[in-house]
Amino acid sequence: RRSLLSEKDVRRHHPERVVPTTRRRGRCEDGAAGDLAMCVGGGGGLVGRGSAADEHGGRREAAGRDGALGGGGAGEQQQQQQLREEQRQQQLREEQRRREEEARRREEVRRREEERQRALLLPWYYRDPQGDIQGPFDAAQMRQWFDAGYFSDDLPLCQGDAQGHFVPLGILFPAADDAFVAPSKVQQQQQQQ
């Protein structure tokens with residue numbers, strides 16, 4: 001026996017049997033007319049008139065099917081929301097990594113500047129052509145004499161302690177622009193160790 005049910009009644013009483021169909025005016029197999037969305041078949045399944053189920057010549061059970069009663073839409077929305085959340089978390093991690101990298105870079109610049117300032121504060125000594133040690137002199141005074149041309153590249157220099165190791169000016173400062181205004185080669189090597 002086939003009975004005519006409204007879509008609302010079918011969804012309420014038999015949600016596991018609903019097959020989505022296109023609502024249209026027509027007749028069920030038993031000949032009943034009306035504005036129908038569903039017809040109940042004798043086997044207990046629901047067959048939608050004019051639906052894909054009829055066009056393929058059989059009934060379709062809706063239980064477990066994506067999209068039935070909007071169930072697949074909620075799952076898809078949940079997946080999209082989860083994907084958006086994962087993307088947001090990834091962006092936050094990237095931003096945190098960039099901040100940490102920038103902080104490390106700033107700290108390295110600060111540390112190098114402190115070392116440079118400390119190196120410039122240490123007194124300088126030089127050994128004159130007679131072998132006598134002259135000094136201590138600050139870096140500004142040494143730079144003035146260097147700019148005036150009083151020092152040659154082979155002048156032995158020592159910084160910090162007159163009893164230290166004397167190294168020729170040309171080795172300490174291969175670039176003339178760095179002489180007495182930047183850490184010497186020896187200081188740079190010590191900083192790297």
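The dialogue below sets each label against its definition.

Tutor: This is a predicted model, in which local features need pLDDT of at least 70, side-chain atom pairs count only at pLDDT 80 or more, and totals for chains, interfaces and linings use all residues. Residues are numbered from 1 along each chain as its sequence is written, and side-chain values use heavy atoms, with hydrogens and water left out.

Student: What makes up the secondary structure of the protein?

Tutor: Six helices and eight strands. Helices are DSSP runs of H or I with at least four residues, strands are runs of E with at least two, and both are numbered from the N terminus. In order, the elements run α-β-β-β-β-α-α-β-β-α-β-β-α-α.

Student: Why are strand 5 and strand 7 called a pair?

Tutor: Two strands pair if DSSP finds at least two bridges between them. Tyrosine 125 is bridged to cysteine 158, and tryptophan 124 to glutamine 159.

Student: How do you know that strand 7 and strand 8 pair?

Tutor: Two bridges join strand 7 to strand 8 (residues 167-168), again antiparallel. The definition asks for at least two, so this pair qualifies. Proline 156 has proline 168 as its bridge partner.

Student: What do strand 5 and strand 6 form?

Tutor: A hairpin, with five residues between the strands. Strand 6 (residues 133-137) runs antiparallel to strand 5 and is joined to it by three bridges; tyrosine 126 stands opposite glutamine 134. In the turn, glycine 131 has a positive phi of about 90 degrees.

Student: Which residues of helix 4 are buried, and why are they said to line one face?

Tutor: In helix 4 (residues 139-147), Ala139, Met142, Arg143 and Phe146 are buried. Buried means under 20% relative accessible area, against over 50% for exposed and in between for partly exposed (1.4 Å probe, protein chains only). Seen down the axis, these residues fall within an arc of 100 degrees, so they line one face of the helix; the arc is that of the directions from the helix axis to the C-beta atoms. An α-helix has 3.6 residues a turn, so residues three or four places apart point the same way.

Student: What caps the N-terminal end of helix 4?

Tutor: Aspartate 138, with a side-chain oxygen 3.3 Å from the backbone nitrogen of alanine 140. A polar contact is a pair of N or O atoms within 3.5 Å, and within protein one must be able to donate a hydrogen and the other to accept it; residues adjacent in sequence count only if both atoms are side-chain atoms. The 3.3 Å distance is within that limit.
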